Amino acid sequence: MLKTEKLTKIFRTEEVETFALNEVSINVKAGEFVAIMGPSGCGKSTLLNIIGLLDNPSTGKYFFDGTEVGTYKERQRTQMRKGNIGFVFQSFNLIDELTVYENVELPLIYLKKKVSERKEMVNAVLERMKIGHRAKHFPQQLSGGQQQRVAIGRAVVANPKLILADEPTGNLDSKNGLEVMNLLTELNKEGTTIIMVTHSMHDAGFAHRVINLFDGEVLTENVNEKMAEIL
Ligand code: ADP
Ligand code: MG
């Protein structure tokens, strides 16, 4: 599904050069559930942003679905992202001015789906996320757990191949966190590839494999023994 070769990302300011990623080479197969762990500032979000085509590497290669996309311009990246990649963030990143329904509908509007088709797809996802009864509410009227379920709904409504989750349970209590992990696991079992950044050993236990980053480099890659038979 995706592969990076010596992916390097350098952030330059007037004074300093930060190697946020230094020659990171990883390979993720379709259907995998991969966790990325490591201390704060080690480059996890930077890696996820490049994998998610929100940003470009400074040097190195990135292949998505066999195509070298690391050199893509913003417009090409947006095009490639549409319908292929869904994002879930720690802070939910819902649009406060839009209702629950409208938030989940957004990706389908970008994909120019017809109104009737949108309605069917959004309602199905809202039911699945157990949030149908809140369709007309605004994000601020919902609990954190409900907001994250809306965000997952928005991430999956267009049936992406890949879901990228950056600390998806970081702002949730353990009960809601578990619900989010169960949803991600269910989506993975249906064939969606998942790459999740997490600080939580518990959450990482849901993944098939853990990639440990340190100072912008891959330190270790461990297959989760309990899940090994799936790979
Ligand atoms: P993590 O998600 O693991 O906490 P990040 O990927 O956010 O780490 O950051 C990795 C390093 O790159 C950090 O040193 C961070 O300060 C730096 N960094 C991230 N984004 C930027 C940016 N836009 N400009 C400058 N430095 C950045
Ligand atoms: Mg981060």
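Axes here are lines fitted to C-alpha atoms, for helices over the stretch in contact, and the angle between two of them runs from 0 to 180 degrees between N-to-C directions. Helices (H or I, at least four residues) and strands (E, at least two) are DSSP runs, numbered from the N terminus. The model is predicted, and for that reason local features need pLDDT of at least 70 and side-chain atom pairs count only at pLDDT 80 or more, while totals for chains, interfaces and linings use all residues. Residues are numbered from 1 along each chain as its sequence is written, and chains are lettered from A, with ligands numbered from 1, in the order in which they are written.

**Helix pairs**

| Pair | Angle | Distance between axes |
|---|---|---|
| H3 and H4 | about 125° | 10 Å |
| H3 and H5 | about 25° | 7 Å |
| H5 and H6 | about 15° | 9 Å |

Angles under 35 degrees count as roughly parallel, over 145 as roughly antiparallel, 65 to 115 as roughly perpendicular and the rest as oblique. H3 and H4 are therefore oblique to each other, whereas H3 and H5 are roughly parallel, and so are H5 and H6. A crossing is left-handed if the near helix is turned anticlockwise from the far one by less than a right angle, and right-handed if clockwise. The crossing of H3 and H4 is right-handed, and the contact between them is made by Tyr101, Val104, Glu105 and Leu108 of H3 together with Arg118, Met121, Val122, Val125 and Leu126 of H4; two residues are in contact if their C-beta atoms, placed from the backbone, lie within 7 Å.

H3 and H5 also cross in a right-handed sense, and there Val100, Asn103, Val104, Leu106 and Pro107 of H3 meet Val150, Gly153 and Arg154 of H5. For H5 and H6, where the crossing is right-handed, the residues Gly144, Gly145, Gln148, Ile152 and Val156 of H5 meet Asn176, Glu179, Val180, Leu183 and Leu187 of H6.

**Helices H3 and H4**

A residue is buried if 20 or more other C-beta atoms lie within 10 Å of its own, exposed if 12 or fewer, and partly exposed in between, with C-beta atoms placed from the backbone. In H3, the buried residues are Val100, Tyr101, Asn103, Val104, Glu105, Pro107 and Leu108, and what covers them includes H4 and H5. Lysine 112, whose phi is positive and near 60°, follows H3.

Helix H4 (residues 115-128) has 14 residues, which at 1.5 Å a residue should span 20 Å, and its end C-alpha atoms are 20 Å apart, in agreement; the expected span is 1.5 Å times one less than the number of residues. Which residues of H4 are buried? They are Arg118, Val122, Val125 and Leu126. These cover an arc of only 100° around the axis, which puts them on the same side of H4, the arc being that of the directions from the helix axis to the C-beta atoms. An α-helix has 3.6 residues a turn, so residues three or four places apart point the same way. Helix H3 (100-110) and helix H5 (144-156) are among the elements that cover the buried residues of H4, while the face turned away from the buried side carries the exposed residues Ser116 and Glu117. After H4 comes lysine 130, with a positive phi near 55°.

**Residues in loops and strands**

Leucine 53, in the loop between helix H1 (44-51) and strand E5 (59-64), has a phi near 60°, a positive value in a residue other than glycine. Leucine 53 is buried, with 24 other C-beta atoms within 10 Å. Aspartate 215, in the loop between strand E10 (209-214) and strand E11 (217-223), likewise has a positive phi, near 50°, but aspartate 215 is partly exposed, with 14 other C-beta atoms within 10 Å.

Asparagine 22, placed in strand E2 (residues 17-24), counts as partly exposed with 17 C-beta neighbours inside 10 Å. Leaving aside its neighbours within four places in sequence, asparagine 22 is in contact with Thr8, Gly216 and Glu217. Glutamate 5 belongs to strand E1 (residues 2-12) and is partly exposed, with 17 other C-beta atoms within 10 Å. With neighbours within four places in sequence again left aside, glutamate 5 is in contact with Ser25, Gly60 and Lys61.
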